[in-house]
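Okay, thanks for coming, everyone. I'd like to walk you through one model today, so let's get it up on the screen.

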Amino acid sequence: MFSLLRCLPTTRCVLSSRGRLAGSRRFDDRAAREGARVLAGFGGSHCRTQHTEPTGAVEVDLRKLRGEDDGIVEVLMCRHKARNALGHVFVSQMRALMSTLSNDDSAVRVLIFRSLVPGVFCAGADLKERALMDDRESDLFVHGLRSLMTQIASLPMPTIAAIDGVALGGGLELALACDLRTAAYSAQMGLIETTRGLLPGAGGSQRLPRTVGITLARELIFTGRRVEGREALEMGLVNRVVEQNETGDAAYSEALTLAREILPQAPIAVRMAKEAMNRGTEVDINSAMAIERMCYAQVIPTRDRREGMAAFIEKRPPRYIGK
């Protein structure tokens, strides 16, 4: 499905200090609009990129890993001057990427959200842009942010946020929309909207209580308090926390380790497990059991289920193909 990941015109969003990002590729809105036509698989014919002109600054990019990591894709946030603030261009490019990924046919097994801006995951709202909006424009923009976070939360594959620095306001709401989170001990996280005369408006007031519990969420939102990695782990806000390294991407490295633990598992089973949990937690237990049954029924006829049983009997590692 993802010829988009191999056919984009130029390399723009890169992390120069790490050679493994040298293959990052350019994303543009035109490619997203034509996604249904051009997304025909990872492999295939050579891309003729010389006829495509750049359409503006790239603030969000995609990168597909290769070799043994095939199936892991990274969303690269690279709005350097504004610390990945959630401005119009950033949000527009992210929405286009999420629309493409939501139609994925299982070629993407795990998705990692990471920042290429040192010391920052996402600084939250672009207050300079927001200051130029009237009340109606501000309401519409925040509605769009809320919709974006719902897009992220609704993606079919497991998602991991790698928090190597500041994740405040909308930045933490973005991380909360992901299934899993890794963080450096030095990272700072918080829903700080009440300190700006606002409240979390992109899903944070709903996802934080579901993540850490209502009592603790009330305290964090009412006070606008920031927490670092260790406290975030203790309260269940993140799954894993690590010491920051010299290159400033320890949380990303841990996210990649976690993605590699998910990668060998049967992709349809993983996706159905995600759907069962996401839908089941929103309803009563009896309805949740019915949802589990429906999701379980989806994996029974798969080749992967038969492969899993055969591998167990034959005492060998399974070879899952996502069918």
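**Strands, a helix pair and a buried loop residue**

I72 stands opposite V110 in strand β3. Before I go on, the housekeeping: this is a predicted model, where local features need pLDDT of at least 70 and side-chain atom pairs count only at pLDDT 80 or more, while totals for chains, interfaces and linings use all residues. Numbering starts from 1 along each chain as its sequence is written, and side-chain values use heavy atoms, with hydrogens and water left out.

Back to the strands, which here are DSSP E runs of at least two residues, while helices are H or I runs of at least four, both numbered from the N terminus. Strand β2 covers residues 72-77, and six of the six are buried, so β2 is largely enclosed by the rest of the structure. By buried I mean under 20% relative accessible area, with a 1.4 Å probe and protein chains only. I72, E74 and L76 point one way from β2, with V73, V75 and M77 going the other way.

So who are the neighbours of β2? On one pairing, β1 (residues 60-64) runs antiparallel to β2, joined by five bridges; pairing needs at least two DSSP bridges between the strands. K64 has V73 as its bridge partner there. In the other pairing, β3 (residues 110-115) runs parallel to β2, with six bridges.

Carry on from β3 and you get to β5, residues 159-163, again parallel, through three bridges. L111 partners T159 in that pairing. Five of the five residues of β5 are buried, so β5 is largely enclosed too. β5 also pairs in the parallel sense with β7 (residues 180-184), over four bridges, and A162 has T182 as its partner.

Now, what about M157, buried or exposed? M157 sits in the loop between α5 and β5, and M157 is buried, at a relative accessible area of 0%. Its contacts (heavy atoms within 4.5 Å) include L101, D104, L111 and R271, leaving out residues up to four places away in sequence. The C-alpha atoms of M157 and I268 are 9.1 Å apart, though 111 residues separate them along the chain.

Methods. Buried < 20%, exposed > 50% of the residue type's maximum accessible area, 1.4 Å probe, protein only.
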